[in-house]
Amino acid sequence: MYDVVDFLLNTQLGLNSPDWVVMLISHLIVVGMLFVVAPLQVLFLTYYERRAIARMQDRVGPNRVGYEGLLQPIADGVKMFTKEDIVPESADKRVHLLAPIVTAAPVMYMFAVLPWGPNMIAVDLPTGLLFFFAISSISTVGLLMAGWASNNKFALLGAMRAVAQVVSYEIPALLSLLFAVMFAGSMSLMAIVEAQGGLFISTTDVPSVPDLGLGWFVFTPVGFLAFVCFFIAALAEGERTPFDIPEADSEIVAGYMTEYSGMKFALFYLAQYILNFLLCAITATIFFGGWQGPGVAWLVNQSLSADNPAGNPVYNVLAGMLGTFYLLAKTYTFFFVMVALRGAFPRLRIDQLMNFGWKFLIPLTMINILSAALWLAITRWGTAQGFSIIEFAGEPGNLVRWVIAFAVTLVINVAAYWFLARLNVQDHVARQAALAAGWLAVSPPRSA
Amino acid sequence: MSNDTLTHSITFTETPATLTVVVDPTPQITRGRAVVVERRRPKAAGWSLLQGLGVVVDHWRKSFRKLEDPTQIAGTFTTEYPEERLPLPEAYRNMPILLFDDATGHELCTSCFQCQRICPPQVIHMTQAKDPETGKPVPAVSEFIIEYDACMSCGFCAEVCPFDAIKMDHNYELSTADHSSLTVHKAGLLRPVSYYQSIAPTFWAEAEASAYKKLEANKKRRPASIGIAPQMIEQVKAAHKLGDGQPEAASPPAPVATAPAPDAGSAATPASNAALATSEGDLPTDKAARLAAIRARNEAKKAAEQSASPAASAAPTASDGDLPTDKAARLAAIRARNEAKKAAAQAATDPAQPAAEGAATALATPDAPLTDAPPAPATPDAPLDEKAARLAAIRARNAAKKAAQAEEE
């Protein structure tokens, strides 16, 4: 965007604007675009979710407003905005007002580091991944504020659950993502996407593989296990159905949103759907190559850039469009999986959630980091790095190393999964037996 | 548990003291198939989760086709309501409606009050129609109100109605922003028989014969346009006008001059056909007709005389312009006699006519010129029998009286 603005202002119009003006204008344009895109994504996702889950339940879903109900989210939005804003008499009014803002603002920040296409990123932070998850944690504060300020027991219960859940599932989510940082050698999301070129085998592991944009991390045993763990953790972080404990409507009305209505409720809703969209997008970015896909690399090679001054600017636009298309297609696929999970599974209990997170996901992701380290050691390190497990000369050597790494990590990960699952099942069976025999008290007897 | 059907054999031991009912000694009670789900250990942890997800995705995939029969398990079976509707069973009942005969416009309701009595929420209200001349009740309803907002659609009114006049409708789209519109009056309740026939053909087929038989009997006791559905009055009148070719129904007995015209317009045919149909079986005797005519004439005369005297006494006190009152009264009496005579003559010559005429003149509105009015109700009913003749005579007298009074004022 900087280049385009610079070209228009200084070259075409000859304004000789200083560098900071060009920078400011280009960033304002990008930010403006993202602020338009984010609510539109929410509008579409609500419609998409309702239609998809309706189909899963043999229904049709909303199809009255507009063609096939496409205007339904707009009707919902109008309804939401025209509703009365009710603040409870005993609520802490200032915090009650601030809570939805504190919840919704951080998710907008997360857009800043999301790569939409080749060179299409608002800010390519070197610590993009860290920024993404660090800023998402701030939303939790907003949730707690909402629950506390509402002065409602259900709201407070929901907020406590939300904080407990989000805090405990951030650990496996980040542990499972560490492998990508190791593989790409960078925390920049752009670098992580660019490391996923290739065809089944990533070009970073075997450079001779044809680059079709399909060398996704998910095709490695390490990446696959990390993907499964991360997606489950993302469900918990986004408060999606098997883990929608904070807003369990059959238990605590609507959790921390109980006392909210109108625009403030809409903000919570917005924040939640943007977060879900971003979690799906980040899943696509880290495990499924983001904007990578067949054709993008070729278009990028044809396009105009500093390295290729003879390129055609049309290819820049085409590459961006194709990249965005791939990213959105992958994102919506994951959102579909989220909807399917919602259609299939009932809500977990809070203790089941905690057991699963702490006793299964965290050990599994830790073992996965070990596998990731082994993978790197086998495929990339040689005598030069001072740690040579296996070394073959030449190009076929890289492929052999890749195959060996694949086999080793597969064995480790499958064994880890099998062992941990068995351990958890045995623990569960033992607990059930103990409960049945009366060896374990469900709750400690209350002393008078 | 097995998948086999379970059979129970029950035997009855009979003691001599009890009634010996011979039941099939081994009744076979077939139970539904018991489906046993084997719960095996899953192959791998999380496998059953994927299976569950598979079911959902499978439903999603198959939902793009329409479910044709329930054995398909997956598929959309939504009926998109405003565009598509499920066929309603004939016995579906929502709100009561009143029926009227398509051909003559006569309502089937006779105001017997049965429905009003049985209605559990007491939402049916009606007023019996009265003969405007005599003030006596006639088997017809002048106003009928059902409060749809409180009606519970029990259908008792339709069950109890001896004349098949009230039936349950199939219309379930009654939502409105106007609450008062749910208090429905007679004009809003009336539906042609053909409508009910279209929604419940077999039920109407069962009721049709007796309903029409009773209607025919009641029609004879309904003077003028009483008992005709309000929305049908104009239509029936138009049919009548077309049928006799007269420009105005100024002299109501006139239509008898022309027989129900076969060349009449399409609108005219139902009424004239009905008139023909009614003429069968109730042919008047010449004697009765003549008697009625004489009585009518006498009564009219008497009325004219009675009305003339007060008018005359009033005359001196009044201004000179009041003179015509006497004359008008006398004129009315003469006209009444003449019309009655004419009617009697025609009744004598063509016995088939009066009934047809009855059907036709019944449509005559009471807003016809007063001087012409008296004979109108007298003639049609006259030839039927002794009683009817007397009734006609009384009516003629009353009408003449009224005319005279009107003239006085």
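## Helices α6 and α13 of chain A

α6(A) and α13(A) pack with their axes 8 Å apart, at an angle of about 10 degrees. Axes here are lines fitted to C-alpha atoms, for helices over the stretch in contact, and angles run from 0 to 180 degrees between N-to-C directions. The angle therefore makes α6(A) roughly parallel to α13(A); angles under 35 degrees count as roughly parallel, over 145 as roughly antiparallel, 65 to 115 as roughly perpendicular and the rest as oblique. The contact of α6(A) with α13(A) has 19 nonpolar, 6 polar and 1 charged residues (Ala, Val, Leu, Ile, Met, Phe, Trp, Tyr, Cys and Pro count as nonpolar, Asp, Glu, Lys and Arg as charged, and the others, Gly among them, as polar).

This is a predicted model, in which local features need pLDDT of at least 70 and side-chain atom pairs count only at pLDDT 80 or more, while totals for chains, interfaces and linings use all residues. Residues are numbered from 1 along each chain as its sequence is written, and chains are lettered from A and ligands numbered from 1 in the order in which they are written.

## The course of α6

Helices (H or I, at least four residues) are DSSP runs, numbered from the N terminus. Helix α6 of chain A covers residues 153-184, and its 32 residues should span 46 Å at 1.5 Å a residue, which agrees with end C-alpha atoms 46 Å apart; the expected span is 1.5 Å times one less than the number of residues.

At A:Glu170, α6(A) bends by about 25 degrees, and the proline A:Pro172 follows within four residues. The bend is the angle between axes fitted to the seven residues ending at a residue and the seven starting there. Just after α6(A), A:Gly185 has a positive phi of about 70 degrees.

## Helices α8 and α13 of chain A

The axes of α8(A) (residues 221-237) and α13(A) (residues 350-379) come within 9 Å and cross at roughly 150 degrees. These two helices are therefore roughly antiparallel to each other. Their contact comprises 13 nonpolar, 3 polar and no charged residues.

## Where chains A and B meet

Chain B places 14 residues in contact with 13 residues of chain A (C-beta atoms, placed from the backbone, within 7 Å). On the chain B side, 8 of the residues are nonpolar, 6 are polar and none is charged.

Helix α2 of chain A (residues 19-56) packs with helix α1 of chain B (residues 47-62) at about 100 degrees, their axes 7 Å apart. This angle makes α2(A) roughly perpendicular to α1(B).

Key
Two residues are in contact if their C-beta atoms, placed from the backbone, lie within 7 Å.
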